[in-house]
Amino acid sequence: MKHTDWLRLHREGESICAIAREQGYLCYKQAHRLSWKLHKPGQITFYLLTWLPAPINEWNLLPNNTNPERTQLYRIIQQALTKQQTKETKRQIQAYSYPWTIVRLLPDARRYTVARFYNRQDAWDHLKLLNRFIPAAEFEVVFDVPD
């Protein structure tokens, strides 16, 4: 698994836990895993929220039983994932709205996106400022529409 995927899944897990905490659940992160222990105070049943890798590629709640508590917790998870997908969609739409990009050229033909702009003139003005304050770095203005 790529590190960027791991970071994205970690953020998703943390957002699920944040919504679960609002509903009165306690969340405990498992060390070195994409897993969280969830339970409500006063209940003896613990649930494990974990990411199942390929070929399944989805969040799972263990143990897989028909308890009403598990059903309620699963709804909370689905609600959190829906909110996360909405944020990702907004971020993608915003990226399409700002196609002019300043990239920093790095060794080994890599690049790092510094900023995005709606029009080319704003990008060039910002590039001049960057070149003045960071003369050792190499920047370029690129028309970059996201995939």
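Which residue forms a salt bridge with R8, and how far apart are the closest N and O atoms?

First, the basis of the analysis. The model is predicted, so local features need pLDDT of at least 70 and side-chain atom pairs count only at pLDDT 80 or more, while totals for chains, interfaces and linings use all residues. Residues are numbered from 1 along each chain as its sequence is written, and side-chain values use heavy atoms, with hydrogens and water left out.

Let me begin with the four-stranded sheet. Helices (H or I, at least four residues) and strands (E, at least two) are DSSP runs, numbered from the N terminus. Two strands count as paired if DSSP finds at least two bridges between them. On these terms, four strands make an open sheet in the order β1-β2-β3-β4, and the pairing is antiparallel. Because β1 (26-29) and β4 (58-62) stand at the edges with a single partner strand each, one side of each is left without a neighbour in the sheet. From one strand to the next the twist averages 25 degrees; axes are lines fitted to C-alpha atoms, for helices over the stretch in contact, and angles run from 0 to 180 degrees between N-to-C directions.

Within this sheet, β2 (residues 35-39) and β3 (residues 47-52) are joined by four bridges. W36 stands opposite L49, and L38 has Y47 as its bridge partner.

Helix α1 (residues 3-22) lies across β1, β2, β3 and β4 and runs at about 10 degrees to β2; contact here means heavy atoms within 4.5 Å.

That helix brings us back to the opening question. R8 forms a salt bridge with E12, and their closest N and O atoms are 3.2 Å apart. The criterion is a side-chain nitrogen of Lys or Arg within 4 Å of a carboxyl oxygen of Asp or Glu. Both residues belong to α1, four residues apart, or about one turn of the helix. The whole structure contains three salt bridges.

Helix α2 gives the most to the lining, with six residues. By class, the lining has four nonpolar, three polar and four charged residues. Here Ala, Val, Leu, Ile, Met, Phe, Trp, Tyr, Cys and Pro count as nonpolar, Asp, Glu, Lys and Arg as charged, and the others, Gly among them, as polar.

Two backbone features deserve mention. The peptide bond from L62 to P63 is cis, with omega near 0 degrees, and P63 sits in the loop between β4 and α2. H32, although not a glycine, has a positive phi of about 60 degrees.

Finally, three strands form an open antiparallel sheet in the order β6-β5-β7. Helix α3 (residues 120-133) lies across these three strands, at about 170 degrees to β7.
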